[in-house]
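This is a short briefing for someone opening the structure for the first time. Please look at the sequence and the model before reading on.

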Amino acid sequence: MKNPYLILGIGQDATKSEIKKATLLAMKERKYSIKEIQTAASMLSHPSKRLAADFLFPGKMKSKRPNKISIKNEFKPMSLENISADSLCSLKK
Amino acid sequence: MEVLGVIIVLGLIGYAIYINTSNYRYDIANNLLNKRDFHEAKGIFLEIYEKHKEAPISYAKCQLALIKAAPSNVRISFLKDIAARAKSLPRGVDQSAYSRVNDEAHIFFFEKKYDNIKASDSLVVLKTFLKEVENFKNKSLNTRFNKIKSGLKQKIGVLVFNQALQLEGKMNFEEANEKYSEAASLFKALSNKTSFENAVLRGNIVSLKLGSFTESNQLNFENGDSVIKDDYYFRLAHKYCFEKQFTRAQEIVENYLNDAHPGVTELKNYIDYQTLEADLQEVDVINEKVALLLSSKETQSNLVLELFNRTQALTSSTVFNEIREATGKLLPSLFNRLFTLRFNEGDFKGALNLICSYDQFWTKPELLKNAGVCAYNLFEAENLMFSDMKEFISIWLSSVFNDRVLINSLDKTAWDDAYSFTLIDSLGSSSKSLGRLPSNVNFGEIDEENISIGAAQRELLNRFELMLVAKQEQGLIEIESIDFYHSEKAAIENLIEAVDDKNFKPAPCLAKTHGLNEEIVEVLSSLYDETKDEGLLRCGVPYLESAKSSKVRSYAQALKLSEMVIERFKSGLSISKTQLNSNTAISALKTFNTLSIHTETRVINAFNNFSEEVRFKKSTRDNLAFYIDSFSSNSKCKSLYAKTLADYTVREVNDDKMSYLEALTLLGKAYGYVPNHQRLCQNMAFLIKALLFEYINEELRGVKKFKEILDSLKTNISEELKRECYILKEARDSIIEQFISSGNTQGLTLIMTGSYQLSASGRKFHEAFKYFDAFSGTKSDLGPTNNLFGLF
C-alpha cells in the first residue's frame with residue numbers, strides 16, 4: 001500500500017481542507033489511479049486510519065546536534081622505564 | 001618272644017629312618033625359628049633346602065629376621081641372598097609365599113634406607129635410590145613401596161626446584177627453565193598442586209625474563225604461593241604494557257594484583273594514563289569526523305557509519321566515565337542519521353540490523369516502532385526467506401501490540417490538535433501497565449473527537465494481513481508464513497490478556513531470540529500457581545523453548561499428547577501407548593483437568609462426526625476403549641462407547657451377522673465401563689434370556705464362554721441390569737406355567753430340586769433356572785414353583 005501523503009503530495013501536518021484540495025489536484029494530475037487517490041484521501045480523512053498511516057513513518061530518538069568532545073588527560077605523564085619489572089620479585093637473594 | 005623282638009627291631013629301624021627325614025628336620029628348625037634362634041634354624045633349613053618345599057620360605061624368613069636385627073652395613077648381604085635365591089627356587093616351592101618374604105625384606109631395607117636420607121644427600125644419590133626401588137618388581141605391599149617412591153620423588157622435586165632457583169639467581173634462565181619444568185613434572189605426578197604451580201609460575205617468570213613467554217602458558221593459578229603469583233602477574237602486566245596491550249595489562253592488574261603494593265599502584269597509574277591517552281587519541285579522530293560531518297552540506301553515509309561505529313566502540317570500551325558520557329551523548333544523533341540514511345536508501349534490513357544492535361532496543365518505544373516499520377517495509381519491498389520472515393513478523397506484531405509505541409508516535413503527528421485519543425479498545429495492556437499518559441490520551445468512549453488507538457492498531461494489522469494474503473496469492477510467500485503470523489498474533493494476544501503488568505509483551509519469536517521468554521514463562525507459572533487457570537500455562541507454551549518452568553513444559557507435553565490423540569483419532573490411526581510413546585505425557589495430561597475434559601470433548605466430537613460405518617469399525621471402537629483406559633476424563637466417552645456397542649450389536653444381530661453370544665461378549669466390555677447404562681443393560685438382559693433358551697434347547701455354541709460371562713456378571717450385577725432382568729423372571733415363570741399346564745409337575749419338581757435322576761436335558765433346565773433366579777432376583781422356593789412344592 002502506497003504512502004497516502006505521497007499520493008496526495010501533502011505533509012503530515014496537512015489540515016482537512018488541505019487534504020480535500022490536494023485530492024482534487026491529484027485527480028486532475030492523474031499521477032496515480034483514481035482508486036489510489038480515493039483510498040489515500042479516505043485514509044487521511046479518517047483519524048484512526050490517518051494515525052495508522054502516520055505510524056508507518058519512522059520516528060527518531062531524542063538527540064542533540066553532535067558536538068566536539070572536549071576532555072583533558074589530567075594524569076601525570078609517565079614512562080614504563082621508571083617502573084621495574086622486578087618490583088615484586090620473589091626470588092630470594 | 002621272638003615276634004616281640006622283631007617288632008622292637010623294626011620300630012627302632014623305623015625311628016632311625018624318621019629322624020633322618022626332612023620333615024623331622026623341618027620340625028626341629030621350625031621350633032628353633034619360633035624360639036628366635038635364627039642362625040641354628042637357618043642352618044637346618046639350608047640342609048633340607050632342596051628336600052622340603054617349605055624350607056626355602058622358612059630360610060628366607062630367618063634371613064629377614066636377621067636383616068631386621070643386623071646393623072645397616074650388614075643388611076645388604078642378607079637381602080642379596082634372599083633376592084638371589086628367589087631366582088632359582090627348588091621345584092614345588094610356593095613362589096608367591098617366597099615373594100611375600102622377599103617383598104617384606106626389600107621394603108624393610110628401603111624404608112630403613114629412606115629414613116637415613118640426609119639433607120646433604122645429592123640428587124644423584126636420591127635418583128639412584130629411586131631407580132633401585134622402581135627396579136624392584138614387588139608383588140605385594142604396594143602402599144608401602146609407593147610411599148617410598150612418592151617420598152623420593154618429592155625430595156628429588158624439591159632438590160631440582162632449589163637447583164633451578166640457584167640457576168635463576170645466577171641469571172642462567174634457560175637451564176633454570178628446564179629444571180622448573182622437570183620439577184613441575186615430578187610434582188604433577190605426585191598431585192602436589194602447590195609445588196606444581198610454584199614450579200610452573202617460576203618457569204613462567206623465567207620465560208618472561210627471557211622474553212620467551214607465550215600466550216599458551218598457563219594464566220590461572222589457585223594453589224601457588226602468593227608471593228610467586230604476585231611476581232608473575234606483575235611481570236606479565238608489565239610485559240603487556242611494554243607491548244602497548246593496555247586492556248590486557250589492566251585485566252591482569254584488576255583481576256590478580258593487589259594495588260596496596262606501591263609497584264602495582266604505579267603500574268596501574270601508568271596503564272590508566274596510557275589508556276586515557278589512547279582513548280583521547282580516538283576522541284580526537286571522532287572530533288575531526290564530527291567537524292567534517294557538520295561542515296558538509298550533504299550527509300555522507302560512509303562518514304556517518306564510520307563515526308557511529310567508532311563512537312559506539314569507544315563508548316563500550318572506555319573505562320573513563322567522562323569519555324563514556326560524552327560519546328554516549330553523541331550516539332543517538334549519529335544513530336538517527338545512520339538509521340535515516342539507511343531507511344531512505346531503502347536498506348530496511350540494514351536499518352533494522354542497526355536497531356537490533358542497540359542494547360535492549362525493545363525498551364525504547366521509538367526504536368521498537370522503527371523496528372516494526374522496517375519489518376513492514378521489508379515485507380512490502382522484498383521477497384524474503386521464511387526464516388527471516390519469522391523474525392520480522394514477530395517484530396511487527398510486538399511493535400503494533402505495544403500501546404506505548406502508539407502513544408509515543410502521537411508526538412510525531414501534527415494534525416491532532418483538535419483530537420484526543422482513547423485506549424479503551426487498544427490491543428496493548430490495560431491502564432495499570434502504562435503509567436503516566438499524555439494529556440491527549442485517555443480511556444474514554446470513542447467519538448468523533450476521541451479517536452480509537454485500538455482502531456489504528458487494527459488498521460495496521462489489517463494492512464499487514466492484506467499484504468501477506470496478496471503476496472501469498474502472487475506465490476511470493478508460502479502459506480506457512482501466514483500460519484506463522486496467526487500463531488504469533490494469537491500468542492501475543494493471549495499473553496496481553498493473561499498478564500497485566502508493565503513488562504514488555506513481545507511476540508514469541510522475538511521473545512525467544514532475545515531471551516525474554518524465560519521471565520514470561522516464569523510469570524505465567526506463578527500466576528497459574530495462584531489461580532490454577534490452565535489457560536495461563538497454555539499461554540506460556542509458545543514462549544517455552546529452553547525456558548526452565550517445569551509446569552509450562554509439563555503442560556506443553558500434555559497439550560502435544562492431546563493433539564496427537566485427537567489427530568490419530570480423527571484419521572482413524574490406531575492409538576496405543578507405544579505409538580504415543582509417552583507415559584510421562586499421559587500422566588501430565590491427567591493432572592490438567594480442563595485440558596483433559598477438553599480432550600474428551602474433542603474425542604467425542606471427532607467420534608460423532610464419523611459415519612455410522614466408521615463408528616462401528618473395530619479400530620474406531622478400540623481407539624475409544626484405549627482412550628477410556630488411559631485417560632482420566634472419560635465418563636462421557638464411556639457412555640458413548642456403551643451406546644455405540646448397543647447400537648452396533650443390535651444392527652449386527654438383526655442382520656444375522658453376529659451371534660447372541662458374540663453380542664453379549666462385546667456388551668460385556670462396555671458393561672465394565674458403565675454398568676448402569678440403561679440401553680446396554682436392556683440389550684444384555686434380552687441376550688441373556690435368548691441365550692438361556694438356546695442353552696435349554698441345546699442350540700447354543702460356546703456354552704463354556706457363555707457360563708463364564710454369566711458367572712462373572714452374577715457376581716457384579718448392577719442395579720440397572722437387575723431391573724432389566726425382569727424379563728428373565730417372566731421367562732422363568734412362563735416355562736413353569738408350561739410345565740404345569742402340560743401336567744409335567746413331576747419333571748418340574750425334579751428340575752427345580754436338581755435331582756440326580758435328571759437327564760442331561762433336565763440338568764440344563766436346572767442350570768438355566770439357577771441363572772434365571774440369580775439375574776431376576778427370584779429364589780427357587782418363591783413364585784409359581786412354590787405351589788408346586790405344595791403339590792408333592
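How many bridges join strand 1 (residues 420-422) of chain B to strand 2 of chain B? Two bridges join them, and the two strands run parallel. The model is predicted: local features need pLDDT of at least 70, side-chain atom pairs count only at pLDDT 80 or more, and totals for chains, interfaces and linings use all residues. Residues are numbered from 1 along each chain as its sequence is written, while chains are lettered from A and ligands numbered from 1 in the order in which they are written.

**Sheet in chain B**
- Three strands of chain B form an open sheet in the order 2-1-3, with parallel pairing (strands pair if DSSP finds at least two bridges between them).
- Strand 2 (441-442) and strand 3 of chain B are at the edges with a single partner strand each, so one side of each has no neighbour in the sheet.
- Thr422(B) has Asn442(B), in strand 2 of chain B, as its bridge partner.

**Chain A**
- Chain A has four helices and zero strands (DSSP runs numbered from the N terminus: helices are H or I, at least four residues; strands are E, at least two).

**Contact between the chains**
- 63 residues of chain B are in contact with 40 residues of chain A (C-beta atoms, placed from the backbone, within 7 Å).
- Helix 13 (262-295) of chain B gives the most to the side of chain B that touches chain A, with 17 residues.

How values were computed: Contact = placed C-beta atoms within 7 Å.
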